[in-house]
Amino acid sequence: MPKADILLDRHFTIGDTDPRLFGAFVEHLGRCVYGGIYEPGHATADEHGFRRDVMDLVRELAPTIMRYPGGNFVSGYRWEDGVGPVDKRPKRLDPAWFSTEPNTFGTNEFIDWCRKTDIEPMLAVNLGTRAGEDARRLVEYCNHPGGTELSDLRREHGWEQPHDVKFWCLGNEMDGPWQMETKTAVEYGRTAVEAAKLMRWVDPRIELAACGSSSRRMPTYGAWEDTVLEHTFDEVEFISLHTYLNDYAGDTPAFLASADLMDSFIDEVVAIADSVAARRRSSKRIMLSFDEWNVWYRTRRRNEGRVKLGWPIAPEILEEIYDMKDALAFGGACISLLNHADRVKTACLAELVNVIAPIMTETGGPAWRQTIFWPFSQMSNLGRGTVLDVRVKSPTYETVYSDPSRTEDMRFPLPEVPYLKMAAVHDAAGGYVTLFLLNRHLTEPMEIAGDLRSFGRFDIVETHSLHDADLKATNTKDAPDRVVPSALKDVSIAGQALTAKLPPASWNVIRLSVA
């Protein structure tokens, strides 16, 4: 049986988890909004048309910040279309997803939904087909108290108090040729810095994120971040990162190792941001907003559920069905985010409902949890505090991760992948340490020997294990609880030592009370 030794010390830390680390994403894409969070006439719909069954699951999932309205959608979005009397809002073609957007749900409805679910709103502005003045006008509409055309228009629409949106994204994936009005790094940098300037003049309290590369595979990756930050450094607090893990190759060991490339991605972007600061002799540190991440591959290609013909409203597209194997890779990504809590201060799981999502619904029917729901919910509910710099000694394996982009298949050698990937979070105020442990060995359980000597006395509070002998097992409408966590039974303590046995191919959580 493989064995891993872990050492935790309360004095060896990485950083505190920012509440925004546990965010998610709502886009006007497929059934994420219509038939997802919003479905007037549904048996559970409230007076606003918000599905209560979905809101209940969202509260259980516990995201803290929500990005909206895109995504690719935002690069052609006219925010004015989504405010005012619903019966006067225009229907428009959406070239991002080849759909028709009815605009019956817009900015104000999104803010109301966030308030009902106790989630901070994060808004993205269109820097594709529009620019700084339109972004400035949206900030004025949302955040200015009153006495101007746009703030009074908001009040006329029924929202007397300002929305007070703090976090704003300066466009989306503007390096991507799939984006409406793609830009070079210089073009985007100039547009973004001017938009930021105008937006901040209206409300100097806002925080801004510039677009980083849309993935680590992009040919301009690295140079893009460097150039964009040269333009925007003084006006932004964040640079964004996006990544999607996949198993196109059908290689499970490589797939479960893929989250380790997120660690490299984060480290590289931090290095680039700090090099820009160094050239300016600045002590300012740009933080990272990992505002799109997930497992996504089965529905990603255009001929595999990406587009429906005929410009439909809310088509069933990108509805990835997640299995047990996907939940394991997803859990690895959760651990990567936690272990970079010093610089990744915001992250958004893409997306929230139906579209590559932890929550699925049937239009007019029930809602249920996908397999990836569980690692995120446990990370968000139990992962608040100070991330410890854990020392792990684990057996390793060698693999090559194959990541096909839109133009080529990139291969990433991973010569020493530890079978155990883990993070540990110390909640000093509550008196807890929570361990998040991923056993990537497909056939062997793993013995854990933990040394927690700096914490004095500790006790086991709760344990969870997500494991299924069938890595292709999924949750469905008819079997919504096929894959659910159970207690991890083989856990014990003796003095300052913790021992546990993790099932093969499993995601595990151990929560301890500590002195």
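Predicted model: local features only at pLDDT ≥ 70, side-chain atom pairs only at ≥ 80, totals over all residues.

Biologist: Is Ser-99 buried or exposed?

Modeller: Ser-99 is found in strand E6, which covers residues 99–101. Its relative accessible area is 6%, and a residue counts as buried when that value is under 20%. Because 6% falls under that cut-off, Ser-99 is buried.

Biologist: Which residue has its backbone oxygen 2.9 Å from a polar atom of the side chain of Ser-99?

Modeller: Leaving out residues up to four places away in sequence, Ser-99 touches several residues, among them Arg-92, Asp-94 and Pro-315. The backbone oxygen that lies 2.9 Å from a polar atom of the Ser-99 side chain belongs to Trp-97.

Biologist: How far apart in space are Phe-238 and Arg-285, C-alpha to C-alpha?

Modeller: Phe-238 lies in strand E10, residues 238–245, and is buried, with a relative accessible area of 5%. Its contacts beyond four places in sequence include Phe-167, Leu-208, Ile-286 and Leu-288. Although Phe-238 and Arg-285 are 47 residues apart in sequence, their C-alpha atoms are separated in space by 8.9 Å.

Biologist: What span is expected for helix H8 at 1.5 Å a residue?

Modeller: Helix H8 runs over residues 259–279 and has 21 residues. From its first C-alpha to its last the helix reaches 31 Å, and this is close to the expected span of 30 Å.

Biologist: Which residue has its backbone oxygen 2.9 Å from a polar atom of the side chain of Thr-371?

Modeller: Thr-371 is found in the loop between strand E14 (367–369) and helix H11 (373–382), and at 0% relative accessibility it counts as buried. Setting aside neighbours within four places in sequence, Thr-371 is in contact with residues including Tyr-322, Asp-323, Leu-466 and Val-483. One of these has a backbone oxygen that lies 2.9 Å from a polar atom of the Thr-371 side chain, and that residue is Asp-323.

Terms used
Residues numbered from 1 in each chain as written. Heavy atoms only, no water. Helix = DSSP H or I, 4+ residues; strand = E, 2+ residues; numbered from the N terminus. Buried < 20%, exposed > 50% of the residue type's maximum accessible area, 1.4 Å probe, protein only. Polar contact = N/O pair within 3.5 Å; in protein donor to acceptor, adjacent residues only side chain to side chain. Contact = heavy atoms within 4.5 Å. Expected span 1.5 Å × (residues − 1).
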